[in-house]
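Hi,

Here is the structure I promised to pass on to you. Have a look at it first, and then read on for my notes.

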Amino acid sequence: MVYLTIDTGWGREAERIAAILRRRGIRATLFVADEPSFNGTTTLSDAWAPFWRARAAEGHVFASHTWRHWYFRGDPAPGRVRYVSRGGRQAEVLDQEALCAELRRPTERLREMVPDAVILPLWRAPGGITTPNALAMAEACGLRHQGWTANGFWGDELDSAAHPNATLAERAIRRTRPGEVVVIHWGVRSRQVPFAEVLDHVLEGIQARGLCFDVLPAGGLP
């Protein structure tokens, strides 16, 4: 079994990716944050409600990717974690209550739009970057961190000139093994040639090797 996970990202190729997964009968675990998207909205705004409802109806499950998609950058004191915006222009120190609120808000918002969504007690830090305090404090909120495996990084957020789709696709098909936790996004703003152009080829190649895809278990994976 291979576990495909999808982080919100820019959303530009979201419908295209969803159609590929639907055609191949693949369910994924969707980590949601309220990120800026290609159409001028944010990914947990009302504009995206039909998209998330459709994914839930297809059997995809959900988990938290934080609300603001900031980065954890150190533990200044016991029970505290430093949380910094992309670009570093804003920063906060979160205590236990504030961290729990940051992690729970995206799935609470999703539940407002998709009341029957299946939400796992998991979370993923932006960039996969955690600190000891962030992990421990999240556990106290009832949420376990879920990263990805080394071979599960397919590179859809890398520069497309330096990492062309053909190279990424060949590597993903060849290296993906049973038990991998794969991470991709619903489109990445900075990638000029979208990875979505080869996603169907990659999934076909992996399925041809006899591997199957499923959602993460509720308890996550190491």
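Below is what turned up, starting with the disulfide and moving on to the cores and the salt bridges. Please keep in mind that this is a predicted model.

**Disulfide**

The structure has 1 disulfide, and it joins Cys100 to Cys141 with an S to S distance of 1.9 Å. The pair ties together distant parts of the chain, 41 residues apart: Cys100 sits in helix α3 (residues 96-113), while Cys141 lies in the loop between α4 (132-140) and β8 (144-145). The torsion about the S-S bond is about -90°, so the disulfide is left-handed. Cys100 is buried, at 9% relative accessible area, and Cys141 is buried too, at 8%. Cys212, by contrast, is partly exposed at 44%.

**Nonpolar cores**

The largest nonpolar core has 41 residues, and the members that touch the most others are Leu4, Ile6, Trp52, Trp154 and Trp186. Elements giving two or more residues to this core include β1 (2-7), α1 (14-24), α2 (49-57) and α5 (165-175). The biggest contribution comes from α6, with 6 residues.

**Salt bridges**

Searching the whole structure gives 14 salt bridges.

- Arg22 and Glu58 meet at 2.8 Å, N to O. Arg22 is in helix α1 and Glu58 is in the loop between α2 and β3 (61-64), 36 residues apart. Arg22 is partly exposed at 47%, and Glu58 is partly exposed at 26%.
- Arg23 pairs with Asp200, their closest N and O atoms being 3.5 Å apart. This bridge links helix α1 to helix α6 across 177 residues. Arg23 is exposed at 56%, whereas Asp200 is partly exposed at 23%.
- Arg109 pairs with Asp46, with 2.4 Å between the closest N and O atoms. Arg109 belongs to helix α3 and Asp46 to the loop between β2 and α2, 63 residues apart.

Which residues join Arg23 and Asp200 in a network of salt bridges? Arg24 and Glu204 do, giving a linked group of four with Arg23 and Asp200.

Notes: Residues are numbered from 1 along each chain as its sequence is written. This is a predicted model: local features need pLDDT of at least 70, side-chain atom pairs count only at pLDDT 80 or more; totals for chains, interfaces and linings use all residues. Side-chain values use heavy atoms; hydrogens and water are left out. A disulfide is a pair of cysteine sulfur atoms within 2.5 Å. Helices (H or I, at least four residues) and strands (E, at least two) are DSSP runs, numbered from the N terminus. Buried means under 20% relative accessible area, exposed over 50%, partly exposed in between (1.4 Å probe, protein chains only). A nonpolar core is a set of buried Ala, Val, Leu, Ile, Met, Phe, Trp, Tyr and Cys residues joined through side-chain atoms within 4.5 Å. A salt bridge is a side-chain nitrogen of Lys or Arg within 4 Å of a carboxyl oxygen of Asp or Glu.
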